[in-house]
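Please look over the sequence and the model shown here, and then read the report that follows with the model at hand.

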Amino acid sequence: MEKLHGMLDICIRHQTVLGYSLVSLLTVASEHIFSSVLFRCPCSSWNLLYGSVFLLVPALILFLLGFVVNARTWHLLTGICPRRKGCRSDPKETCTRCCPVLSQVTARAAVAPLTWVAVALFRASFYECAASGSSPLKNLVCSEKGGEACQELLFQIPCNEKLSEKIPGELLRLQAQSQLLGWLVITVTVTGYLIATCVSHCRSPVSYLQLKFWKIYQQKEWELFETKAKEHATRLAEINTNAFFEGTNQEQFVTPSNEDWWKISSLYTFSSQEQYYSTLHKYVKTNRGNSVRPREGDQNPSGLEFVDETNESELGF
């Protein structure tokens with residue numbers, strides 16, 4: 001039993017990494033199914049379009065799905081128009097508050113599509129098909145071999161390996177180009193992630209140990225909030241149901257107002273003058289949110305992006 005608890009603790013501590021790993025494995029499996037079962041290069045003038053669609057369109061769909069399953073997307077968008085008078089607000093203020101969140105959501109949404117593109121390039125079948133119908137390859141190979149006949153041979157390269165005798169080395173050249181591009185995608189992605197992580201930690205307004213404490217607080221606050229919310233909703237439902245079926249007078253039951261819910265649902269902003277660990281913490285400490293609105297100088301510094309994301313496990317990673 002202790003070992004099971006230990007494994008659960010490890011999973012909870014590393015749930016983000018495990019989530020990304022699961023997404024990557026599912027993406028690799030999906031790419032294998034697509035390339036093995038569905039993909040059939042037409043070996044005609046449609047090669048470029050067909051290969052490009054299989055390489056890029058699934059990546060675009062995965063990118064959009066990354067926004068859909070991320071709870072921070074809906075945290076940011078829910079009710080934004082009514083609260084901002086029909087979506088009309090100061091563009092500078094909106095960008096200052098929303099752009100950091102959007103950049104973090106975008107980075108997370110990019111994991112699956114980048115995995116798809118990298119794996120597809122290593123497998124090379126999509127790239128071979130698309131490149132065999134491209135004008136640059138035609139101009140490079142067919143400049144001295146006769147236009148139309150040579151181009152028809154190029155179209156057939158993904159379907160007939162024996163053509164390598166007539167156009168020596170082209171199939172291997174396309175496979176090598178595809179795999180090099182795959183390594184380039186991985187290198188750029190890892191380098192970008194490393195730079196972003198270093199910058200985020202360097203610009204953190206709090207120390208390393210306080211940051212660890214802050215993350216623990218956020219996790220516990222959300223767990224308790226979710227438990228209390230379920231208890232509160234259950235009790236309110238019982239009161240209303242009993243009042244309806246039994247015809248009794250409804251007993252007094254205090255529940256937060258709409259304005260209270262708006263206040264604790266706003267995005268967290270950090271202030272160097274006050275030490276609040278969440279929007280809920282700030283709401284409680286400032287006379288039920290009388291000064292929850294961000295003031296001049298409040299910001300969303302990198303390194304504190306976890307503050308609004310403790311409830312992301314509901315919808316995604």
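Gly79 has its place in the loop between helix H4 (71-77) and helix H5 (80-83), where helices are DSSP runs of H or I with at least four residues, strands are runs of E with at least two, and both are numbered from the N terminus. With a relative accessible area of 22%, Gly79 is partly exposed; buried means under 20%, exposed means over 50%, and partly exposed lies in between, with a 1.4 Å probe and protein chains only. Although Gly79 and Trp262 are 183 residues apart in sequence, they are 9.0 Å apart in space, C-alpha to C-alpha.

The model is predicted, so that local features need pLDDT of at least 70 and side-chain atom pairs count only at pLDDT 80 or more, while totals for chains, interfaces and linings use all residues. Residues are numbered from 1 along each chain as its sequence is written, and side-chain values use heavy atoms, with hydrogens and water left out.

For the chain as a whole, the secondary structure comes to 14 helices and zero strands. Of the 317 residues in the chain, 32% are buried. Among the contacts with a separation of 6 or more, 71% join residues 24 or more positions apart, a contact being heavy atoms within 4.5 Å.

Axes are lines fitted to C-alpha atoms, for helices over the stretch in contact, and angles run from 0 to 180 degrees between N-to-C directions.

| Helix pair | Angle | Axis distance |
|---|---|---|
| H3 (residues 47-68) and H7 (residues 111-123) | about 160° | 8 Å |
| H7 and H11 (residues 170-202) | roughly 155° | within 7 Å |

H3 and H7 pack at an angle of about 160°, which means that H3 is roughly antiparallel to H7; angles under 35 degrees count as roughly parallel, over 145 as roughly antiparallel, 65 to 115 as roughly perpendicular and the rest as oblique. The crossing of H3 and H7 is right-handed, whereas that of H7 and H11 is left-handed; left-handed means that the near helix is turned anticlockwise from the far one by less than a right angle, and right-handed means clockwise.

By class, the contact of H3 with H7 has twelve nonpolar, no polar and no charged residues; Ala, Val, Leu, Ile, Met, Phe, Trp, Tyr, Cys and Pro count as nonpolar, Asp, Glu, Lys and Arg as charged, and the others, Gly among them, as polar.

H7 and H11 are likewise roughly antiparallel to each other. Their contact is made by residues including Leu114, Val117 and Phe122 of H7 and Gln179, Trp183 and Thr189 of H11, and its residues divide into ten nonpolar, four polar and no charged.

Ala124 is found in the loop between H7 and helix H8 (125-131). Phi of Ala124 is near 75°, a positive value in a residue other than glycine, and Ala124 counts as buried at 1% relative accessibility.

Ser278 lies in the loop between helix H13 (258-265) and helix H14 (279-285), and is buried, with a relative accessible area of 3%. Its side chain makes a polar contact with the side chain of Glu221 at 2.6 Å; a polar contact is a pair of N or O atoms within 3.5 Å, and within protein one must be able to donate a hydrogen and the other to accept it, while residues adjacent in sequence count only if both atoms are side-chain atoms. The side chain of Ser278 also reaches the backbone nitrogen of Leu280 at 3.4 Å.
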